[in-house]
Amino acid sequence: MAHLSLLLLFPLAFLTLHRAAFAAAAAASPSSSAANADSQQLIDFKSALKDPTVLPGWLADRSPCGYTGVSCKSSRVASIELASLGLSTDFHSVSSHLLTLEFLESLSLTSANISGALAFPSGSKCSAVLSSLDLSGNALSGPISDIANLGVCQNLKVLNFSGNNLTYSVQESVAAAAAASTGLKGLENLQVLDLSFNKISGSNVNISWVLSGGCDAMTNLSLRWNKLTGDVDVSSCKKLQYLDISQNNISVSVPSLGDCSALEYLDVSSNRFYGDIGSAVSACSQLSFLNLSNNHFSGLIPSLPTKNLRFLYLSRNGFQGEIPPSLAEVCPGLVELDLSQDNLSGVIPASFTAIYRLV
């Protein structure tokens, strides 16, 4: 009888284990299916490359979490970094296959030979958790207004398009210029925006189009080395900590900084600014870096917010008079000071001997 009981128990135990395994497989299948979907999108992106062999480890029979440049969270693709790989594809492939990955948080394709306009396929979506996109050092082209297409990526906080061929010029179509007037609406969560080293130029082109969608969250803005010519008003960007508009053609009075109490880094060098820069920066109490060099500022060296100032560049302007001896005294942390090629007179104050680099 005991032997018979054991014979009956074995099928029951087997059936119980089988049901448990089936339930576990069923519970895991949605995750597995989603991971396979990630893998398929990455394989589709690889197939769109001019030379797919640049991603030899991206194979359909492997987990995408083991692909070169791919990082995962809970078996889902969360980050992709493929810098300097010479992918030789267009933005359409990026937007179709990578930006649509469901749990993608960060994408970096720096210097990867990405070209074309910033266009999205009709009806396409973007990862709802994508917060950082770096496409710097590529060959992206088209009007700057196309950046507004990224409004479908509503959680974007960091956007780097520096070193591309984006434009905004009077030669562009009226339609493109009209679209640019709407700015970056839909990207109100942006904290960091880098459009430096592009080809943004034209008559009376200013930065208002960048900020027209709002800049409540923005902390870093760089438009360095373009050909901007219009007014500079960032007074609505209360959280701005970093502003670089150097190496442009801005030929107006001082920038409007408003309540710049959060601003720590300001570079307006190599433009044609003029006027009372002292008043413009008077509220910037946290400034540690200030570069005013190569502009049209004149008169006495103005009173500057000095509490945290460490780097100060005033060269190649029209500043006159004697160097204020108090400058080094009220800037106890001053590390570098450049007063070269101005019209200053008198002797260098003894208090300046404590400055590490004096030009």
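These legends go with a set of close-ups of ring pairs and disulfides in a predicted model.

Local features here need pLDDT of at least 70, and side-chain atom pairs count only at pLDDT 80 or more, while totals for chains, interfaces and linings use all residues. Residues are numbered from 1 along each chain as its sequence is written, and side-chain values use heavy atoms, with hydrogens and water left out.

**View 1. Phe45 and Trp58 form a tilted ring pair.** Rings of Phe, Tyr and Trp (for Trp, its six-membered ring) pair up if their centres lie within 6.5 Å; planes under 30 degrees apart make a stacked pair, over 60 an edge-to-face one, and the rest are tilted. By this rule there are nine aromatic pairs. In this one, the ring centres of Phe45 and Trp58 sit 6.4 Å apart with their planes at 45°, so the pair is tilted. Phe45 belongs to helix α1 (residues 2-47) and Trp58 to the loop between α1 and β1 (70-73), so the pair ties together parts that are 13 residues apart in sequence. Helices (H or I, at least four residues) and strands (E, at least two) are DSSP runs, numbered from the N terminus. Phe45 is buried at 0% relative accessibility, and Trp58 is buried too, at 1%. Buried means under 20% relative accessible area, exposed over 50%, and partly exposed in between (1.4 Å probe, protein chains only).

**View 2. Tyr242 and Tyr265 make a stacked pair.** Here the ring centres are 4.2 Å apart and the planes meet at 15°, so this pair counts as stacked. Tyr242 comes from strand β13 (residues 242-244) and Tyr265 from strand β14 (residues 265-267), so the pair ties together parts 23 residues apart in sequence. Both tyrosines are partly exposed: Tyr242 has 27% relative accessibility, and Tyr265 has 22%. Zoom out a bit and ring pairs link Tyr242, Tyr265, Phe289, Phe311 and Tyr313 into a cluster.

**View 3. A right-handed disulfide joins Cys126 and Cys153.** A disulfide is a covalent bond between the sulfur atoms of two cysteines; the cut-off used here is sulfur atoms within 2.5 Å. The structure has four of these disulfides. For Cys126 and Cys153, the sulfurs are 2.1 Å apart. The torsion about their S-S bond is about 105°, so the link is right-handed. Cys126 sits in the loop between β5 (114-116) and β6 (132-134), and Cys153 in the loop between β7 (139-143) and β8 (158-160), so the bond ties together parts 27 residues apart in sequence. Cys126 is buried at 11% relative accessibility, as is Cys153 at 0%.

View 4. Cys215 is in the loop between α4 (208-211) and β12 (220-222), with Cys237 in the loop between β12 and β13, so the link spans parts 22 residues apart in sequence. Cys215 is buried, with a relative accessible area of 2%, and Cys237 is buried at 4%.

**View 5. Cys260 and Cys284 are joined by a left-handed disulfide.** Their sulfur atoms lie 2.0 Å apart, with -95° about the S-S bond. Cys260 is in the loop between β13 and β14, and Cys284 in the loop between α5 (277-280) and β15 (289-291), so the pair ties together parts 24 residues apart in sequence. Both cysteines are buried. Number the bonded cysteines of the protein in sequence order and the pairing reads 1-2, 3-4, 5-6, 7-8.
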